[in-house]
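Keep the sequence at hand while reading.

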Amino acid sequence: MAEKKVAAMVKLQLPAGKATPGPPVGSTLGPHGINLGAFTKEFNEKTASQAGLVIPVVVTIYADRSFTFVLKTPPVAILIKKALGLEKGSAVPNKTKVGQITKAQVKQIAETKMPDLNCTSLESAISMVEGAARSMGVTVVD
């Protein structure tokens, strides 16, 4: 089979199971001429089980206007907020703390996020998650 020519690669962050052909999907993918209805339907089917999370997706658009996409793991901040039931992080993280997260929760988030992080060991992934938690005003406890 002949190799398809890649016309564009677009990165989006969309709510799982709730993508619509309107903005931001339409305004980002529309100029490339792909079928927005087909993309949103396929994305929503694949992410329906992850409702409530924001899912990063990399859409590869080919010259013949066909497309493929790869789903990534949700951002660390969203996983931390979900684990703690927070609405948002602290506006002043070094002064105002909004919650506490356990080492076990940090390890679980690091394991979930590991495929998309640019680190080789679980320890370095854990330290990345702890850093994200601190920058949100969340204290890491034992």
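Threonine 47 is found in helix H2 of this predicted model. Is threonine 47 buried or exposed? Its relative accessibility is 0%, and buried means under 20%, so threonine 47 counts as buried. Its neighbours, leaving aside residues up to four places away in sequence, are Ala16, Gly17, Ile55 and Leu71. The side chain of threonine 47 also has a polar atom that lies 2.8 Å from the backbone oxygen of phenylalanine 43.

Phenylalanine 43 is the next residue to look at. Residues up to four places away again left aside, phenylalanine 43 touches Leu14, Pro15, Ala16, Gly17, Ala19, Ile55, Val57, Phe69 and Leu71. In the largest nonpolar core, which has 36 residues, Phe43 is among those that touch the most other members. H5 gives the most, with five residues.

The strands can be taken next. E1, E2 and E3 form an open sheet of three strands, in the order E1-E2-E3, with antiparallel pairing. E1 and E3 stand at the edges and have a single partner strand each, so one side of each is left without a neighbour in the sheet. From one strand to the next, the twist averages 20 degrees. In general, strands of a sheet pair through backbone hydrogen bonds, and the pairing is either parallel or antiparallel. Between E1 and E2 the antiparallel pairing extends over nine bridges. Leucine 14 has isoleucine 55, in E2, as its bridge partner. Helix H2 lies across E1, E2 and E3, and runs at about 25 degrees to E3.

Which residues of H4 are buried? They are Val106, Ile109, Ala110 and Lys113. These residues cover an arc of only 100 degrees around the axis, and therefore they are on the same side of H4. An α-helix has 3.6 residues a turn, so residues three or four places apart point the same way. Ala104 and Gln108, on the other side of H4, are exposed. The cover over the buried residues of H4 includes H3, strand E4 (99–102), H5 and strand E5 (138–141).

Threonine 73 has its place between E3 and H3. Why does threonine 73 count as buried? Its relative accessibility is 15%, and the cut-off for buried is under 20%, so threonine 73 counts as buried.

Now step back to the whole protein chain. Its secondary structure comes to five helices and five strands, and from the N terminus on the elements run β-α-α-β-β-α-β-α-α-β. Of its 142 residues, 36% count as buried. Among contacts with a separation of 6 or more, 60% come from residues 24 or more positions apart. Along the principal axes, the C-alpha atoms fill a box of roughly 55 × 30 × 25 Å.

Conventions: Residues are numbered from 1 along each chain as its sequence is written. This is a predicted model: local features need pLDDT of at least 70, side-chain atom pairs count only at pLDDT 80 or more; totals for chains, interfaces and linings use all residues. Side-chain values use heavy atoms; hydrogens and water are left out. A nonpolar core is a set of buried Ala, Val, Leu, Ile, Met, Phe, Trp, Tyr and Cys residues joined through side-chain atoms within 4.5 Å. Buried means under 20% relative accessible area, exposed over 50%, partly exposed in between (1.4 Å probe, protein chains only). Helices (H or I, at least four residues) and strands (E, at least two) are DSSP runs, numbered from the N terminus. Contact means heavy atoms within 4.5 Å. The arc is that of the directions from the helix axis to the C-beta atoms. A polar contact is a pair of N or O atoms within 3.5 Å; within protein, one must be able to donate a hydrogen and the other to accept it, and residues adjacent in sequence count only if both atoms are side-chain atoms. Two strands pair if DSSP finds at least two bridges between them. Axes are lines fitted to C-alpha atoms, for helices over the stretch in contact, and angles run from 0 to 180 degrees between N-to-C directions.
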